[in-house]
Amino acid sequence: MSDLENRRGRLEFNKLQKRLRRNVGKAIADFNMIEEGDKVMVCLSGGKDSYAMLEILMNLQKTAPVHFELVAVNMDQKQPGFPEHILPEYLQSVGVPYHIVNKDTYSVVKEVVPEGKTTCGLCSRLRRGTLYGFAEEIGATKVALGHHKDDIVETLFLNMFYGGRLKAMPPKLRADDGRNIVIRPLAYCRESDLVAFAEHKNFPIIPCNLCGSQENLQRQAIKQMLVDWDKKTPGRSDNIFAALTRVSPSQLADRDLYDFESLELDRSKPAPEVDARSIEQSVDSWVPEDAREESVESTQPMYIEARNL
């Protein structure tokens, strides 16, 4: 590779790294994910996303406007052939405090889930329960998970198509029992950027032998659908995610969320005059600026740099 190609490669990586840090910093600021004195438990699976999350948080920690601790935690689920040495060696090399939690959920999942059925649901619930309990044990105030923007959008469609519910993964969540707060610092990051980042950093990726090789998963079908949509209409996934941040309860149909039954007429004020100009403005008001058709670039959400993070 020539010197020119090397320089171009470094320049592109620097842009990528800055974009990821900016998006993580903005997500943290927007949702107040990390506060003064927090002890953040960074959950590592051995996949590209959690490696990237840890690296970015370690970098942001140096310049953040608040002081917080990081502790990396991996759960060894006792999958056959799991390379137990890889994560400890990596974590020692980057100098972050860490714990390895040993819990044989693999045997439980294989025993309970029939052969050929999807194991992800039960596996994730068992893993989540164990990690939540461990977070309390070590005094962690936040639990950081490596879900990114594409994961969140995919989950929205999974719940709609297969569960009949309009919900996704929030960037910040209090557990049902109120005992843990989950944060997703990668909520504004695209998976393609994380793939490129992981390849450049050469993270020691550990594949999931339990569920990673399963074919025809519902999530894989949704992922492919969104990939095809983005090819035909660049920016569509970004707009879908943006829609999750601009919800109008009165325009949906959830009677628990909005009081439709008590709606009453209110003609106490004069009716506004309606002309062609006001109709055009009204239509525009319903269409987000980043979803209008003037240019493809306008479909890309604008993220303000969180300079202090």
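Visitor: In which helix do Lys15 and Glu12 both lie?
Guide: Quick heads-up: you're looking at a predicted model, where local features need pLDDT of at least 70, side-chain atom pairs count only at pLDDT 80 or more, and totals for chains, interfaces and linings use all residues. Residues are numbered from 1 along each chain as its sequence is written, and side-chain values use heavy atoms, with hydrogens and water left out. Helices (H or I, at least four residues) and strands (E, at least two) are DSSP runs, numbered from the N terminus. Lys15 and Glu12 sit three residues apart, about one turn of the helix, and the helix that holds both is α1 (residues 3-30).

Visitor: What is the N to O distance where the side chains of Lys15 and Glu12 meet?
Guide: Side chains of opposite charge can pair when their charged atoms come close. To count as a salt bridge, a side-chain nitrogen of Lys or Arg must be within 4 Å of a carboxyl oxygen of Asp or Glu. Lys15 and Glu12 make such a bridge, and their N to O distance is 3.9 Å.

Visitor: How many residues apart in sequence are the parts that Asp193 and Arg19 tie together?
Guide: Asp193 and Arg19 form a salt bridge, with their closest N and O atoms 2.9 Å apart. Asp193 belongs to helix α7 and Arg19 to helix α1, so the parts they tie together are separated in sequence by 174 residues.

Visitor: How many salt bridges does the structure hold?
Guide: Some of them share partners, and those join Lys48, Asp49, Glu154, Glu191, Arg219 and Lys223 into one network. For the structure, the count of salt bridges is 16.

Visitor: How far apart are the end C-alpha atoms of helix α6?
Guide: The expected span of a helix is 1.5 Å times one less than its number of residues. Helix α6 (residues 149-163) has 15 residues and therefore should span 21 Å. The model agrees, with the end C-alpha atoms apart by 20 Å.

Visitor: Which helices do the buried residues of α6 pack against?
Guide: α6 is mostly covered, with eleven of its 15 residues buried, among them Ile152, Leu156 and Phe157. Taking contact as heavy atoms within 4.5 Å, their packing partners are α2 (48-61), α7 (191-201), α8 (218-232) and α9 (236-244).

Visitor: What phi does Gly164 have?
Guide: Gly164 is the residue that follows α6. Its phi is positive, near 65°.

Visitor: How many disulfides does the count come to?
Guide: A disulfide is a pair of cysteine sulfur atoms within 2.5 Å. Cys43 is buried, with a relative accessible area of 9%, and Cys189 is buried too, at 0%. By that distance rule, the disulfide count is zero.

Definitions and conventions
Buried < 20%, exposed > 50% of the residue type's maximum accessible area, 1.4 Å probe, protein only.
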